[in-house]
Amino acid sequence: MIRLVFPRTPNIDRLALEGVKLTQHISAAPLCTPSRTAFMTGRYALRSGLGSTGKVQVILFLGGSGGLPPNETTFARLLQKQGYSTGIVGKWHLGVNCKSRNDHCHHPNNHGFDYFYGLPFSNFNDCKPGEGKDILVDLQVALWQLSMLAGLGFLTLVLVRLTGLLEVSVKLLTTLAALCLLGFMVWYAPFGLMRTWNCIVMRNHRVVEQPTNLDTLNERLMTEAERFVERNQNRPFLLFLSLAHVHTPLFISRDFSGKSKHGLYGDNVEEVDWMIGRMVKTVEELNLSERTLMYFTSDHGGHVEDSDTHGQKGGWNGIYRGGKAMGGWEGGIRVPGIFRWVGRLPSGRVLEEPTSLMDLFPTLVKLAGGEMPQDRVLDGHDLMPLLEGKTQRSEHEFMFHYCGVYLNAVRWHPPDSDSVFKVHFFTPNFSPPGAVGCYHTKLCMCHGEFVTWHDTPLVFDLSRDPSERAPLRGETEPRYAEVLWRVREAVEIHHRTLSPVENQLSWGNILWKPWLQPCCGIFPFCSCSEDNSTFTHNIGEL
């Protein structure tokens, strides 16, 4: 008998016991940027131009011009209009600037958040010295090799001229030297200083730390979150606490190092639990529990390909197949979902109906007394009737699972059945053969040779086969033909709701532009740190 031992999470467990747990809670994408876009807007990410068409699947540079378009409406903006004080503490990863360093068109303050403290980008390997590189590694290698070849050619010609073997003009040497320098700068400027450019902390529009000090980050995030609640305890408020954990590279505060039986990843999970407990304690000590809806979730599943000699770093998705960046496989999109509201929501309730992160948008807007936007398509549904037990069925008869801009799979929950069917039109090509993951590329892609389109789509019944191991066949499933027919009909209707928008993840929008780079000094000399004394002083000025 195999006994599984998990990291200790008493505070998250308590949230579930005192609230409503959603066991089929689905993110709209298996990666952070598109998932967060859908979460913030209540709409599939491709409606905002944040679905990938190729290699670039998320925002890669803070100095890029892509991000959440200014004309999108977030739940924070609508709650702000209802008189709520709105704040985000932690990770954003939806862009900063459009045309100039200080236009902040994609910034949280321009999307309905009165206050922002945290990471405008994310936490990539580049942010932690010694962890290697994440961003366009193959392009970095190619640029470096070209620079070295050009440099070698230049040195060879210099030697030929000095030895008198051939006559080489000074003009040719000067031109080649300039090309060598240009090639080196094209590589070094965006990639060699990646930690400085991408790994920063901002307070509202101001950069307060560059690069980020991960050793003290979690404590600062928690202090900011607690103080935001304390400042707004006597008025309606919205706080989005978006933790940097457990995204890789894993980092840990000193007090949690070695505490778990599951190595560094377990230490991270247990620190997350402590942070959640600390937030709940703040709410309770201020006597806000009966006036506060608390929601716990994740933007996507674990990154199964991310491991080293010490073990798994990117998480574990349990019985669910696949993981981060793997399109519609459950392991990348089925995430935790817990709602707690003392005195309003029943304790210990478990819901197995399909729900979505996009549902938070209409849920919050309606609770705040706001009006839903009438000028755009919304894909989420108000969850309160389901959470309170006033209805037993999810409003999501269909869910559309995208891999970038490509419709990868569709979920169908028939009104007359408890079954949940899922149809996969294509699947990522795992590597090496037999693996469940794209270990050769570290992340699965959604296009071209990286996927296999199925002439006959794969069909699963998640109510009987949540691991998606045994595709259904017409000979054994009475509703097989009906499932395919109903899904195709739903896809046609869904496609009619889509409109062309600018691709925010195009190469033109995604690549680094020095004139857009946030900087806490005089560019390019960007460097500052937020030590404890500065942190305390800055908080006191709020």
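The mean positions of the 52 positive and 55 negative charges of the protein chain lie 3 Å apart.

Visitor: What kind of model is this, and how many helices and strands does the protein chain have?

Guide: The model is predicted. The protein chain has 14 helices and 18 strands. Its radius of gyration is 25 Å, close to the 24 Å that the globule rule gives for 542 residues, so the chain is as compact as a globular protein of that length. Along the principal axes, the C-alpha trace spans about 90 × 65 × 55 Å.

Visitor: What share of the contacts with a separation of 6 or more joins residues 24 or more positions apart?

Guide: Such pairs make up 71% of those contacts in the protein chain.

Visitor: Beyond its neighbours within four places in sequence, which residues are in contact with leucine 60?

Guide: Leucine 60 is then in contact with Phe121, Phe124, Ile135, Leu136, Asn198 and Ile510.

Visitor: Turning to the backbone, where does the peptide bond from threonine 248 lead, and is it cis or trans?

Guide: Most residues other than glycine have a negative phi, and most peptide bonds are trans. The bond from threonine 248 to proline 249 is cis, with omega near 10°; proline 249 lies in the loop between E7 and helix H8 (263-285). The bond from phenylalanine 523 to proline 524 is also cis, with omega near 5°. Proline 524 is placed in the loop between helix H13 (507-510) and helix H14 (532-540).

Visitor: Is phi of histidine 93 positive or negative, and is this residue buried or exposed?

Guide: Histidine 93, a residue other than glycine, has a positive phi near 60°. This histidine 93 lies in the loop between strand E3 (85-91) and strand E4 (115-119) and is buried, with a relative accessible area of 0%.

Visitor: Is asparagine 287 buried or exposed?

Guide: Asparagine 287 counts as exposed, at 64% relative accessibility, because the cut-off for exposed is over 50%. Asparagine 287 has a positive phi of about 60° although it is not a glycine, and its place is in the loop between H8 and strand E8 (294-297).

Definitions and conventions
Residues are numbered from 1 along each chain as its sequence is written. This is a predicted model: local features need pLDDT of at least 70, side-chain atom pairs count only at pLDDT 80 or more; totals for chains, interfaces and linings use all residues. Side-chain values use heavy atoms; hydrogens and water are left out. Helices (H or I, at least four residues) and strands (E, at least two) are DSSP runs, numbered from the N terminus. The radius of gyration is taken over C-alpha atoms; the globule rule is 2.2 Å times the number of residues to the power 0.38. Contact means heavy atoms within 4.5 Å. Lys and Arg count as positive and Asp and Glu as negative; His and the chain ends are not counted. The place of a charge is taken as NZ of Lys, CZ of Arg, CG of Asp or CD of Glu. Buried means under 20% relative accessible area, exposed over 50%, partly exposed in between (1.4 Å probe, protein chains only).
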